[in-house]
Amino acid sequence: MTLQLATTFSQLSLSHYLVLSGLLFVIGLVGFLTRRNLIVMFLCTELMFQAAAIAFVASGRYWFNFTGQVFVIFILTVAAAEAALALALVVLLYRRRSTLNADDWMELCE
Amino acid sequence: MIEKLWFVIPEAVLLVGVVVVAILGLVRSGQIRNRVPWVAMAFVIGCGVAYPFVFTETAVSESTSLLPGLGRPMGLVACVVGVCLVFMTIGRIDRRYEQAIAEGRDRFDPLRSNRGEYYVFFLLSLAGLMLTCSANDLIWLFLALELTSLPTYVMVAMSRSSRRAQEAAMKYFFLGAMSAAMFLYGFSLLYAATGTVELTEMREILTAQAAEGGISMLAVVGMMLALLGIGFKLAAAPMHLYAADVYEGAAVHVTAVLGFIPKAAGAVAFMLLLSTMGWFDGSTLPLPILILLWVMAVLTMTLGNVAALLQRSVKRMLAYSSISHSGYLLIGIIAGPGLGFSAVILYLFVYGLANTGAFAVLASLEREGREIESVEDLAGLRQKHPGSAIALAISSGSLLGFPPLLGFWGKLALFIAGIASGHIVLVLIAGVNSAISAWYYLRLVGLPLMSEPSERSETIDRVAVPWPRFAAIGIAAAMVVLPIFLAGIQDETDVPLPPDTADVVATHESGDQDASGL
Amino acid sequence: MMSWLLILLPLAGVLAIIVSPARMAKMLALLTSLVVFGVSIAAAVGFDGWGKGTWGLEGAFNWLSRYGIEIQVGADSVSLILVLLTTLLLPLAVLGSFTSVRDRLREYYGWLLGLEAAMIGVFLARDLIFFYVCFEFTLVPMFFLIAIYGSTNRARASMKFLIYTFTGSLITLAAFLWLAWSASQAADGQWTFSIAALTHHATTSLAGSEQAWLLLALLIGFGVKVPIFPVHTWLPLAHTEAPTAGSVILAGVLLKLGTYGLYRFMLPMCPEAVVAWAPVIAILAIIGILYAALICWVQTDVKKLVAYSSVSHLGFCILGLFALNPMGLEGAILYMVNHGLSTGALFFLIGMMYERFHTRDMREVGGLAGRMPVWAFFMVFFVLASVGLPGLNGFVSEFLCLIATFSAGDMGAYPGVLGPWYAAIAALGMIFAAMYLLIMVGKMVFGPERLPAGSHDDGTLPRDLGAREITVLVPLAVLCIVLGVQPWLVIDGTSAAVADTLAVYQPIFEQLTQQTGASVTNALVGGTP
Amino acid sequence: MTSAIAIRIVEMLPAVPAVPMADVVEATSHWWAGFILWCPLISLALCGLCAAFRVKSKLPAWITVLSLACSFVLTIILGNLEDVPERIQLFEWISVDWVGGSFVANFALYIDSLTILWMSFVTGLGTLIALYASEYMETDVGKGYARFFSGVSAFLFAMGCLVMGDNLLMLYLGWEGVGFASYWLIGYYYRRPAAVAAAKKAFIVNRIGDLGLALAIYLIWSTFGTVQYNELITHLDAGTFAASYEHWSVEAIPYLLMLAAFGKSAQLPLYVWLPDAMEGPTPVSALIHAATMVTAGIYLIARMYPFFLLEPTSLHVVAWVGGLTALLAATIGMAQYDIKRIFAYSTVSQLGYMFLGLGVLTTYGASYHVFTHAFFKAVLFLAAGAVMHGFAGQLDLRKLSGLRRMKGWRIVAWTMFIGCVCLAGFPFTSGYFSKDAILAEAFVTQGPGFEALGWIAIFTAFLTAYYTFRVWCRVCAGPVHFEPGDELHDDGHHDEEHEFHPHAPRFAINFVLVVIALGALLASVPYFMTNEVSEIKGGWIADMVNDSTAAAGIPGHEEHPGTIAHDAGHAHHGSILGMDPHVAMYWISGVVGGIGLFLAFWLHLWRRQDADRLRSWLLARAWIRWLPVAMENKWYVDEVYHALVRAPLWLLGHIAYGFDRYIVDGLLVDGTARLPRLIARWFQPLQNGLLQSYAVTMAGGAALITLLMVLMMQFFEGGSVQ
């Protein structure tokens, strides 16, 4: 049964994974656009980053070279850097106006 | 590998500078802290001096990267404008906190002083820009772009203690993160389509694909997403919405940095990515990409110019003007290698100088301790501050592109490139746009020089520190003097074509860009 | 060498003025402009191209080899005449504005001399980019002169003036660049912007449709400068708001940049398109003549009246240009000079009246003959010069333009496309010219004396014209008479240059005559619209 | 059809004879002839200087009189030389030459007998009237004296250029020059708005005429390639042009010249400016608007006669316009009360006669009438001037009477009587002979309705006699009675209680009046002098006309050198009342003149109250009331012109200005200027400050573009991109 499972699994081609990463990207994007809380918004951008990572690993596997996975490592580092920065910013904003709702910040407008 | 490291020496100089400046910024004695900007400037000049030695003729000809000729001119331009940017901020960072310490009202507390940190982030961002130029693969490009923009998020947040700066930083960060995710996803699709991240290999694969059947849709979609993502840095059309709020919110000297460094990095990234898809194998860009660039160029120019007409705040007006200049840059990029790219670099230099000059004038003036808000504040500036008024007039005249000033020659190079590559309609649209821009630039010229001072503009007086005013007047003088040395500047900013593809491209544009440049 | 001197001397004057104290500015400006005038006279005397169509005062400075841009200068008889007109009007303008401008003197005279340098640069330019730079740079001083020293709503006027002309000339720049590019295609990648090379390229290898697009772009750019009918609305606004010297230079020389541009670029560069489109442009000119004349008739602001009259008068000049025969072109060139002299003088006179009564409304001030007889004499004299009284300069040029348009159908070697009907309708403009100018004279000079309320005599200016003011007007009057009685000075001088310009039209007409079968020569009214 | 007739006429005249005047002698010996022009120019310059230096004496007057006298003497000397016509080159004016041809118009003189005839009475009368004006204008010595005399010299210079010009462009120079001079002199009293308006009206109406002349010159030049008379005449003689240019435009030349002539000589369509020109000082009216300038039109047609002969219908038009103008002007003149206005309308009427003469192919009659009219009309105007001068501007004939009985005014009265007699055409006066020459030819020459035209002319002769003597009887005859005019203050001594008494003219005015009156009488003498060389009947005048271009085209000219050799019998000689037309005409005009004379004496001297009763009777009757009212209001011609031409143009001007300001400037220019702002407002809501709205727009925009491109790829290249 596992063999069968494996074969069914083996029919999974690159496009399936790309579709998965695309979906993940869209979910992240939609989350970013709709959720009001800043921290959740940042998490959604992290989601988008991971979508790209999946695409990289899948295509790396498809093209039989490791550059995809190397790229993922760097994506993680950059994501970590952004996380640090995002949280620092969130703390700063919270300290200033004790609210994390994105819509409260609309002073700069036309 | 060594050959790769050889080209990173200038950036290395900057990184050393970062460390030194960070340390000096936390020293207890006031004099040393006052020296920090000069040290930073010294390192930038050092990096600029390093360029001619690193990018010698031989080194460039052997290098296997996609656009070897791009590194040297862009680096020099970045350093020169970087020097002006630093020169403008001397004495402005932590001015009140340093004054308080000097007068003994406050004790030095390393945690609160961010004079050193500002220059750290500035040098990092500058290094990021230079790294983008020498990028030859997607990973390096991704890292360099992130290195350029992350420090700028921090600079925006810490530049002013006001709520507006934090709001600007919040918007800038989140939208920046979203666009970073977008172009990263684009990169992933590109990798999926071509199987490599090396730009040169990617070019071979894509040309092979184009030859026998056409570039796969995956690659094109990937490229488009990448371009749109990086478009955020250029503040190009669909991604330009953040620019006005962020430029208005951030402090004047940070806005000047935002106006140049991310935009330059974006333009370089565009050039590198697009070179993989066309031009060098004698073919034009794929149609969808070309249309995308066209739409972005036209939308950016028009929206930028048109929106600036309605603005009452000076910084917001200059924000929209810098958006419109991104549109003009896109013409150069569409025009392709040879004429197009050298015109882009030249225009980056000219625009960078003029924009910094304009912001330097704003930096040198204040109203009751706070920055200048509305354009009416500048009315009748001539009476009290003739130097700043004339400098602002010349800088905005140059941004407008009025003949004898340097700005005109930059725009002329862009127009010539646009026409030489057959995009005469685009040039006409740019012409009409620069006519529209004459409206608000002339307000910047007319108000300070000619109209009577209103009661709001009476209270404007100079910032205690003289350096921003010197920067403004120096840049204005450059705007008038530099056209005389234009031939020299143009040789410096010329982007020669990679040797092996020179003849191929020559046939494409029916021979008007041979290797030796025009 | 002489041409560099002509361009750089005014700039040196500007520097000298900036450096020296404000009270010296007046004298320095006058001195510089007189020196420049002397140099231009020397250049004219030394110029051996009179009547030979050759190019003198050559000079080149290789600047941007990348695009083949080099600052080439040179003058043929036509451009030298216009340079002389500029260098003549400048010292008079400086002299004329001694009393009318009292503050920011250094800027005022600095901008005036800067304007002179730019104008001379335009006329001497033999390189497209250098021409364009000078052509655009003339806008900056004019913008500042109107915006700082103008009257009530000067801001709007200066803004409209600059942006209107700037938009037009940007389109011309695009056309120039496209032309240079198509020339570089032909010369396998070798860029050049020299006018001679591009003219040769344009005539030899541009297809008819390309020439038409080039003509359209040039027409927009230069049409705005010469106010041709639909794009003329900036002129009255700019004139009413400009200071006296500004108006004089604007009417005297800046309008001629447009007609000079048409003569130098449109006629030689796109002959087939010009032949095809000449009737349309002529009709625009005629509408301009009659339309502007009618508007002049009902004006109450005297400066606006004279401004609209410039629109009407330059319509004749355009007709002369597009009659495409030597008489027409020589008449048009003479017209440029004459209009510069007579309308310039009229603006001086209005300025002198404005300095005394501070109003331009003909309903408030009038009947000044009794009070200011010398002013009245000059006013009547220059009105007659511009109405075209024979014996004065206006008549000769107007006559040549009209007779050239009338007989454009059968001038032997130069059959043009215009015809008798164009000239007949345009000649109505002569009647309207008499009507609106005599109405102005009737109100301003003759009739019962009307002075604006409270027009006190602040004593700085004599009741009638002072010695300074008369010295401004006398040279213009003398020139009006000299050119009226001895027009060969301009006509013979430019005959060869005009012949060269029209040489390119010969093959087109031979070809035209074969096609139409009926010989164009005797279809007298062939050009009937 | 008309062109066909023209060609036949040309063929009919087998070879229009190489009349002596064709081969023009290129005279260099008579360079001094140029001084006929330079003298007035020098006088203009000197008077200008006098005005500049505010000379307070009568010096300008003497300068002008001297220079005009010198021109007159030179003209007489030139006239007596034998080798006329000749061409004298003064200096090169306009000469444009190019590969295919050239346009030459030099400042040169063309002297032939017609020129001498014209210049003789122009300079002669000019001198006398300048002398007259020296006293007449003495009240303005300090103020406008020099300006007046510089105007007179300018006029003489311009008239000289017009008459002696060698080419059409010199004629045009003179044409506009005299127009400007009349503008200058009519507007002499520039304080009075009426004078300024009259001057402007005169110049503009003349300018309409000049337009016709300009178009004629363009047409002539583009057809013949030259504007010089001698070359034109050779072209016409050789008949070269007829064959190749039967284009309609050749026939337009005479009509355009006609428009110019009617503009300058105040004929029907464009006569309105002459009566208003009376606003100027009286010497001006006498010299310019009676004797010299108004005859320029006749000179033009006489000079360009060959063109008119090519197009016979043009001559018919000239005749009819002349006739109708004569009638119309006479009817208006009858009903006016201002003496100068009456004489102005009579001038228009007499000019009508001259054009009638030209129309009916008697250039001799027309020229002779010009010659005689110049004298007696000058006398009448000068007499009226003397009256106006003496009675402080009083010109209304209802307020003046019995002039001949007042002391010191006898000379004025009797010279006015001589003038009236000649004007009325009393038998054996100069007017009688010249008018009959025209009337007779009217009946003789074949042309559409010339017969009826003749009778209209005779009726007009009757009206002329009536209104002439109406003036004389009212003003000079009858009981002594006068009221001072409105310019009382001019005389300086106007203390109310002191009773006003007119001051009679002194020597200068009286002398000039007598001389010109004698001239008017002697003007009939030339009619009797038979010229022995070419035995032309009509004496010296006919000889002068015959030698010039004017005579070139008179049919049957070559076999009968005399213009009216009626004894040799014209082939198509009609007869009136059984007698020969000329003899018949003597009787008819004499009778008609007598009736008019008697009626005038009856109504305005013996029984003045009958005139009032007649007028009230006419006004009472509804069916006839319109006639007197219309005549007094000058047939409302001015009002018609105002309504038809001036008002619509004024309205059009306002519409154009409104259009220019609101549509072209407001809508097109400012409209397009507001367009960018409009676009900006559409996109402004996007900048609402909300982070997420920015994100939505950015992501949405990106997605939209990518989607579009993908669809496009699918649609075009099926999935893969080249």
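Just after α16(D), D:L361 adopts a positive phi of about 65 degrees.

When residues up to four places away in sequence are not counted, D:A440 touches D:P581, D:H582 and D:M585. By contrast, D:A198, which is 242 residues from D:A440 in sequence, lies 37 Å from it in space, C-alpha to C-alpha.

Chain C comprises 20 helices and two strands. Its radius of gyration is 22 Å, close to the 24 Å that the globule rule gives for 529 residues, so the chain is as compact as a globular protein of that length. The C-alpha trace of chain C spans about 70 × 50 × 40 Å along its principal axes. Of its 529 residues, 67% count as buried. Among the contacts in chain C with a separation of 6 or more, 80% are accounted for by residues 24 or more positions apart.

The confidence of the prediction for chain C averages a pLDDT of 88, and 95% of the residues score at least 70. Over residues 518-529 of chain C, however, the pLDDT is below 50, although this stretch has 35 contacts in the model beyond near neighbours in sequence. Where pLDDT is low, the predicted coordinates should not be read in detail.

Two helices illustrate burial within chain C. Helix α6 (residues 139-149) has eleven of its eleven residues buried, so it is largely enclosed by the rest of the structure. The buried residues include C:P141, C:F143, C:F144 and C:Y149. The elements that cover the buried residues of α6(C) include α4 (105-124), α5 (128-137), α7 (154-186), α10 (234-241) and α11 (244-269) of chain C, together with α20 (424-450) of chain B. In helix α15 (residues 373-387) of chain C lies C:V380. With 20 C-beta neighbours inside 10 Å, C:V380 counts as buried, since the cut-off is 20 or more. Leaving aside its neighbours within four places in sequence, C:V380 is in contact with C:V441 and C:V445. The C-alpha atoms of C:V380 and C:S77 are separated by 32 Å, the two residues being 303 apart along the chain.

Contacts between chains were examined next. Five pairs of chains touch, and the most contacts among them are between chains C and D. In this pair, 46 residues of chain C are in contact with 42 residues of chain D. On the side of chain C that touches chain D, two or more residues each come from α12 (271-297), α14 (326-357), α16 (393-406), α17 (420-444) and α19 (488-503) of chain C. Of these, α17(C) gives the most, with ten residues. By class, this side of chain C has 37 nonpolar, seven polar and two charged residues.

The contact between chains A and D takes eleven residues from chain A and ten residues from chain D. The side of chain A that touches chain D has eight nonpolar, no polar and three charged residues. Chains A and C, on the other hand, are joined by no contact, and their closest C-alpha atoms lie 26 Å apart.

The largest nonpolar core has 721 residues, of which B:L123, D:A378 and D:V379 touch the most other members. Helix α9 of chain B (residues 163-194) gives the most to this core, with 22 residues. Not counting residues up to four places away in sequence, D:A378 touches D:L125, D:I129, D:A286, D:A290, D:A291 and D:I516.

How values were computed
Residues numbered from 1 in each chain as written. Chains lettered and ligands numbered in written order. Predicted model: local features only at pLDDT ≥ 70, side-chain atom pairs only at ≥ 80, totals over all residues. Helix = DSSP H or I, 4+ residues; strand = E, 2+ residues; numbered from the N terminus. Rg over C-alpha atoms; globule rule 2.2 N^0.38 Å. Buried ≥ 20, exposed ≤ 12 C-beta atoms within 10 Å, placed from the backbone. Contact = placed C-beta atoms within 7 Å. Nonpolar A, V, L, I, M, F, W, Y, C, P; charged D, E, K, R; others polar. Core = buried A, V, L, I, M, F, W, Y, C linked by C-beta atoms within 7 Å. pLDDT = per-residue confidence, 0-100.
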